[in-house]
Amino acid sequence: MVLPSLHPLPRSFYLRPTLTVAKDLLGKLLVRKIGRNILVGKIVEVEAYLGRRDPASHAYRGKTKRNEVMFWEGGHLYVYFTYGMHFCANVVTGREGIGEAVLLRAVEPLAGIETMKRNRGFGSNQSVYDLTNGPAKLCEAFGIQRARNGSDLLSDSIMIAQNRTEERPVIVATTRIGIRFGTERRWRFLVKNNPWVSRR
């Protein structure tokens, strides 16, 4: 892939309503710079979590030490550890104090794929479609761990950039995955027919 000039989306992109941001993240580029390596993936699946209005949200019961970053101003990365083994990355949305975010569930890898494979300990017989088709897989491939919690997405080291090579994707809305509460809300958004989506 020939990389275009990549610039972070402006802060104003993230300060809009969370469901709007969630849908607009689809098709955008997740960019991670590690030394000389540039990893790029097209965002193809997300889930929205709406703070105190959403019983499935980490922020439903208010601010804690663990979820503090969710209450920062939109445009920061909230990274949490789950099941004692995996990291998941969320894009904080809205103004400071709101406590809303969008989980990055899957990306289509575009650049730095060999580095992603090494980060994941990927075997030669494994399908590339299993490389980044889930929130934990995505974080492992992009080297996103606890130290990235609170990262500003307007930085050069990790950002979300405009994808200028494609038209707006066709979006499908479904119920969220792996939650016990708020299961009826169709706040999972994905790119229709994309093979990197975590679950159809």
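Tutor: Phe-81, Tyr-83 and Met-85 together make a nonpolar surface patch of about 380 Å² in this predicted model. Of these residues, Tyr-83 sits in the loop between β3 (77–82) and β4 (86–93), and Tyr-83 counts as exposed because its relative accessibility is 69%, over the 50% that the word requires.

Turning to the charged pairs, side chains of opposite charge can pair when their charged atoms come close, and a search of the whole structure finds 14 salt bridges. One of them joins Glu-108 to Lys-42, with the closest N and O atoms 3.4 Å apart; since Glu-108 belongs to strand β5 (residues 100–111) and Lys-42 to strand β2 (residues 37–49), the pair ties together parts that are 66 residues apart in sequence. Both Glu-108 and Lys-42 are buried.

Strand β5 also holds Glu-100, whose partner Arg-53 lies in the loop between β2 and β3, so this pair ties together parts 47 residues apart in sequence; the N to O distance in their salt bridge is 2.8 Å. Here Glu-100 counts as buried, at 8% relative accessibility, whereas Arg-53, at 54%, counts as exposed.

The loop between β2 and β3 contains Asp-54 as well, and its partner Arg-176 lies in the loop between β7 (171–174) and β8 (188–191), so their pairing ties together parts 122 residues apart in sequence.

Methods
Residues are numbered from 1 along each chain as its sequence is written. This is a predicted model: local features need pLDDT of at least 70, side-chain atom pairs count only at pLDDT 80 or more; totals for chains, interfaces and linings use all residues. Side-chain values use heavy atoms; hydrogens and water are left out. Patches are made of residues with over 30% relative accessible area and no salt bridge: like charges are joined within 9 Å, nonpolar side chains (Val, Leu, Ile, Met, Phe, Trp, Tyr) within 5 Å. Accessible areas come from the Shrake-Rupley method with a 1.4 Å probe; for residues, only the protein chains shown count as cover. A salt bridge is a side-chain nitrogen of Lys or Arg within 4 Å of a carboxyl oxygen of Asp or Glu. Helices (H or I, at least four residues) and strands (E, at least two) are DSSP runs, numbered from the N terminus. Buried means under 20% relative accessible area, exposed over 50%, partly exposed in between (1.4 Å probe, protein chains only).
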